[in-house]
Amino acid sequence: MNDSSWGAPAAGSGLGGPDQGPAPAGPAHDRHRAAQTRPMPIVPDVPAGGFQDDGHGRGAAHTGGPLFRDETPHEHPQEPMPSPVPPPEPSAAPAPRQKKSAGRDLGAAIGVGVGLGAVIIVSLFIWPPAFVGVIAVAVVVGLWELTSRLQERKAIKAPLVPLAVGGAAMVVAGYVRGPEGAWVAMALTALAVLVWRMTEPPEGYLKDVTAGVFAAFYVPFLATFVALLLTADDGPWRVLTFLLLTVVSDTGAYAVGWRFGRHKLAPRISPGKTREGLFGAVAFAMAAGALCMQFLIDGGTWWQGLILGLAVAASATLGDLGESMIKRDLGIKDMGTLLPGHGGIMDRLDSLLPTAPVVWLLLALFVGTG
């Protein structure tokens with residue numbers, strides 16, 4: 001065997017020319033030829049799952065699922081990816097339902113309320129002018145609370161001295177001289193506020209006197225209508241009717257709202273008030289109004305009491321919301337701490353003040369002012 005014949009192709013194989021002779025036979029030639037003519041094995045298409053051992057040492061295509069975790073099941077329709085089963089969560093006992101809280105010391109609130117009621121009843125029926133003094137004291141304390149909170153929270157300096165003097169004079173003038181005396185005292189009080197504030201620097205003058213005139217109208221002027229109720233022949237009973245209807249309205253709103261309240265009445269102003277509480281206030285006040293007009297007011301009838309009770313429930317609720325609006329603007333919960341369980345004097349006058357002119361006007365229409 002020479003080097004020129006090693007690995008030469010056979011005749012007719014298509015790899016050599018036609019004039020070449022037959023290739024020499026032998027083991028070396030057979031091995032070389034087999035290497036050139038052995039067909040390539042047919043390899044099945046391998047999916048993305050790769051290979052796995054079939055148990056006989058051979059590789060087999062694995063089609064049981066995706067190779068990578070981020071592959072989606074639609075890439076291998078022959079076997080959908082099983083849905084993951086979350087582990088069972090441990091069973092937890094339901095949380096106990098919390099009891100509703102009144103939010104205040106009810107014992108102290110009831111005690112203070114009974115004490116104030118006793119003072120009012122005694123002064124009202126034993127010597128009515130003493131009740132006018134009670135109104136004047138409440139007005140002065142309420143003005144002090146209001147102006148103090150304005151200065152603390154908003155740096156508004158409403159002059160307290162002319163407000164206190166003018167407010168007390170306003171109540172007395174209403175009792176002695178009637179509505180005309182109340183209006184004159186209101187005008188003089190506003191003028192005194194404007195002049196008193198001139199003794200200080202001009203910075204903030206406008207907001208200070210505006211707050212002062214507002215305070216004069218909000219507290220003493222509205223309270224003057226209670227003194228006007230007292231000037232009638234059955235004045236003490238009119239005042240008692242006014243107080244009873246307002247207290248009953250507040251109590252009905254609290255009791256029904258605390259027990260059945262679900263729908264907020266004015267959540268941005270007073271989140272604790274509910275529509276169910278308003279319905280309770282109306283129902284309680286109308287029932288009390290019918291009884292009071294029938295048995296306490298000379299010449300009154302039960303149907304007038306229904307109208308009076310409805311009006312009282314509306315005005316008391318608006319008054320409460322009005323003071324809540326003021327306290328939200330000031331960022332405080334109560335106007336003061338003078339009355340345990342209640343807050344301050346203004347926190348008790350909030351529903352009484354706007355209700356007084358409503359009761360005075362309706363009673364004047366129903367039975368007159370005499």
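**Close-up views of a predicted model**

**View 1. A155 counts as partly exposed, at 47% relative accessibility.** Buried means under 20% relative accessible area, exposed over 50%, and partly exposed in between (1.4 Å probe, protein chains only). This is a predicted model, in which local features need pLDDT of at least 70 and side-chain atom pairs count only at pLDDT 80 or more, while totals for chains, interfaces and linings use all residues. Residues are numbered from 1 along each chain as its sequence is written, and side-chain values use heavy atoms, with hydrogens and water left out. A155 sits in the loop between α3 (128-154) and α4 (160-197); helices (H or I, at least four residues) and strands (E, at least two) are DSSP runs, numbered from the N terminus. Although A155 is not a glycine, its phi is positive, about 55°. Most residues other than glycine have a negative phi.

**View 2. Helix α10 covers residues 352-367.** The 16 residues of α10 reach 21 Å from first C-alpha to last, close to the 22 Å expected at 1.5 Å a residue (the expected span is 1.5 Å times one less than the number of residues). Which residues of α10 are buried? They are L352, L353, T355, A356, P357, V359, L362 and L363. What covers them includes α5 (205-230), α6 (235-260), α7 (275-295), α8 (302-330) and α9 (346-349), where contact means heavy atoms within 4.5 Å. After α10 comes G368, with a positive phi near 90°.

**View 3. D208 and R197 form a salt bridge, their closest N and O atoms being 2.7 Å apart.** D208 belongs to helix α5 and R197 to helix α4, so the pair ties together parts 11 residues apart in sequence. A salt bridge is a side-chain nitrogen of Lys or Arg within 4 Å of a carboxyl oxygen of Asp or Glu. D208 counts as buried at 2% relative accessibility, and R197 is buried too, with a relative accessible area of 3%. The structure holds seven salt bridges.

**View 4. K273 and D320 meet through their side chains in a salt bridge (3.2 Å, N to O).** This pair links distant parts of the chain, 47 residues apart: K273 is in strand β4 (residues 270-274) and D320 in helix α8. K273 counts as buried at 19% relative accessibility, and D320 counts as buried at 19%.

**View 5. A salt bridge joins the side chains of K327 and D347 (3.0 Å, N to O).** K327 lies in helix α8 and D347 in helix α9, so the pair ties together parts 20 residues apart in sequence. Salt bridges that share partners join E323, K327 and D347 into one network.
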